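Biologist: I would like to go through this model with you. Could we begin with the strands and then turn to other topics?
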Amino acid sequence: MRGLVVLSIMAFAAIMMILYSSDLLYIVHNQIISFQNPSNIKINKNYGTDISVELFAKGLTRPTSMSFINDNTILILEKDSGKVRVISHGVLLEKPAYTIENLSTQQEQGLLGIAFKNKSFTNLSLASGKTQSIQENLLGKHNDLLFSQKGTENYLKDKVYLYFTQKVSENKGLNYIDSNEDSDSSNNLRNRVYEFNFNNTDNSLVPNRLLLDLPANPRPYHNGGKIDIDKLGNLYVTIGDLTAINSSMQNYPGKKLDLFFPPNNTSGILRINPSVSMLIPASNPFYNQSLENKTLGSLSLYYAYGIRNSFGLDIDPVTGRVWDTENSESTYDELNLVEPGFNSGWYKIMGPLNRNNDSNVLDLVMLNGSHYSDPEFSWRNPIGVTDVEFYESSKLGKEFENNLFVGDINNGNLYFFKLNPDRNKIVHLKSIYDSKLASNESIEDFVADNKSELEPYIFAQGFDGRITDIQTGPDGNLYILSYFDGKIFRLVNS
Ligand SMILES: [Ca+2]
Ligand SMILES: [Ca+2]
Ligand SMILES: [Ca+2]
């Protein structure tokens with residue numbers, strides 16, 4: 001079988017060399033090398049035997065996130081170097097697309113998140129019978145767009161958004177980004193979301209404007225950083241509590257909103273729209289409350305709150321709903337459906353409510369228009385949950401299409417979750433999940449309480465460099481970004 005694959009690759013290579021020229025030999029060479037199967041990585045046989053893993057790229061340093069810009073180009077962020085690396089036609093280029101200056105890289109700070117609107121707005125993959133709810137989710141309240149839908153699509157087509165932590169010199173103004181000058185105000189750290197234009201001709205990013213200037217103190221943890229953009233051009237931004245429990249967004253002090261502890265742009269999923277004139281969509285769930293009470297100004301940015309930290313966010317391609325992962329302190333990492341106005345419960349509640357005996361919903365700061373809901377899945381023992389990805393292809397098998405893959409940083413596991421027809425719950429796959437459990441174990445509670453309850457959800461294991469990002473490639477394969485060894489793996493149907 002392997003010989004056959006190599007043969008067909010070589011035949012493909014020969015054809016490609018006739019079609020193209022010059023540096024292609026190197027590319028083909030690179031492709032053949034990539035067919036070495038990384039021996040440590042094993043696919044759970046319960047999910048079929050047709051899928052194998054390839055090493056796609058190596059030579060990155062602590063990569064955090066990646067995005068496919070077109071069929072042949074991937075941008076990858078390096079956390080500490082501040083470089084946006086480019087893979088073009090399968091080759092990692094020496095020259096980065098951009099390098100963020102004055103980056104702060106302590107602990108969880110650095111160059112963290114990238115978003116690019118890489119799918120056509122008009123090409124919504126609507127499931128039959130779901131059209132109504134999709135239109136409500138995606139189009140219902142958006143009468144505040146700066147452009148028509150076509151105009152928004154045009155505006156976004158070469159825009160790339162980055163999230164990073166930067167040492168900021170106050171007198172340079174908000175748009176200051178790329179000076180080499182030493183800043184003596186290095187304590188002034190900010191998390192920033194910046195808009196760039198991608199230049200196709202030389203694979204470079206050109207800075208355009210600062211969109212969000214967010215806190216990064218007091219400590220370099222729980223910094224969030226994943227960003228994503230939906231089909232209407234809404235940009236979602238995750239930020240954790242920065243280890244400070246001091247605002248109503250961490251449900252502090254609790255029970256009701258206390259204006260001594262106003263929203264401060266932490267512990268949330270924030271939502272802006274670069275194609276909206278005032279940047280903040282009027283459809284944001286707390287927009288009107290901010291208008292009525294100016295001290296709640298930053299509340300208008302919030303889409304969700306009560307989040308301790310998150311390294312994973314994705315948007316359901318069928319419904320437009322947001323899902324996130326959340327990291328716990330000592331118990332219950334979470335996978336959540338994030339409806340508008342979601343309060344995840346931190347710091348009063350982590351994991352399912354019925355596992356928090358000392359707390360209940362009445363302890364939370366419930367804003368008008370907010371709601372609490374339990375995670376759709378929890379890990380009792382923290383796995384350091386990272387990215388969540390809707391697999392937007394059927395290439396690995398129809399059963400995986402539009403369902404969820406999740407990564408972690410503690411074990412190097414890739415998890416799989418199938419959604420119900422309404423796409424708001426995880427399905428309990430009895431045939432897979434119940435096979436190895438003892439009589440006193442259950443995952444019908446959607447909590448993995450121990451190793452054997454966790455095992456059935458593990459789709460693949462042995463990613464020794466651990467997982468920071470997962471993306472569906474334009475070729476329909478699933479790409480896994482591996483942190484400590486700086487590699488990209490690719491799951492393919494063999
Ligand atoms: Ca929660
Ligand atoms: Ca359980
Ligand atoms: Ca992803």
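Biologist: In which sense do strand β18 and strand β21 pair, and over how many bridges?
Modeller: This is a predicted model. In it, β18 (residues 333-338) and β21 (residues 377-379) pair in the antiparallel sense, over 3 bridges.

Biologist: Which residue in β21 stands opposite D333?
Modeller: D333 stands opposite W379.

Biologist: What is the strand order of the open sheet?
Modeller: The order is β16-β17-β18-β21-β25, which makes 5 strands with mixed pairing. β16 (312-315) and β25 (447-448) stand at the edges; each has a single partner strand, so one side of each is left without a neighbour in the sheet.

Biologist: Changing topic, is V160 buried or exposed?
Modeller: V160 is buried: 24 other C-beta atoms lie within 10 Å, and the cut-off for a buried residue is 20 or more. V160 is found in strand β9, residues 159-167.

Biologist: Which residues does V160 touch, leaving out those up to four places away in sequence?
Modeller: V160 touches L75, I114, F116, F196, F198 and L205. Between V160 and F116, the C-alpha to C-alpha separation is 5.1 Å, although they are 44 residues apart in sequence.

Biologist: What is the mean pLDDT of the chain?
Modeller: The mean is 85, and 82% of the residues reach 70 or more.

Biologist: Where does pLDDT stay under 50?
Modeller: Residues 10-36 are one such stretch, with 24 contacts beyond four places in sequence. Residues 120-146 are another, with 36 contacts beyond four places in sequence. Where pLDDT is low, the predicted coordinates should not be read in detail.

Definitions and conventions
Residues numbered from 1 in each chain as written. Chains lettered and ligands numbered in written order. Predicted model: local features only at pLDDT ≥ 70, side-chain atom pairs only at ≥ 80, totals over all residues. Pairing = 2+ DSSP bridges. Helix = DSSP H or I, 4+ residues; strand = E, 2+ residues; numbered from the N terminus. pLDDT = per-residue confidence, 0-100. Contact = placed C-beta atoms within 7 Å. Buried ≥ 20, exposed ≤ 12 C-beta atoms within 10 Å, placed from the backbone.
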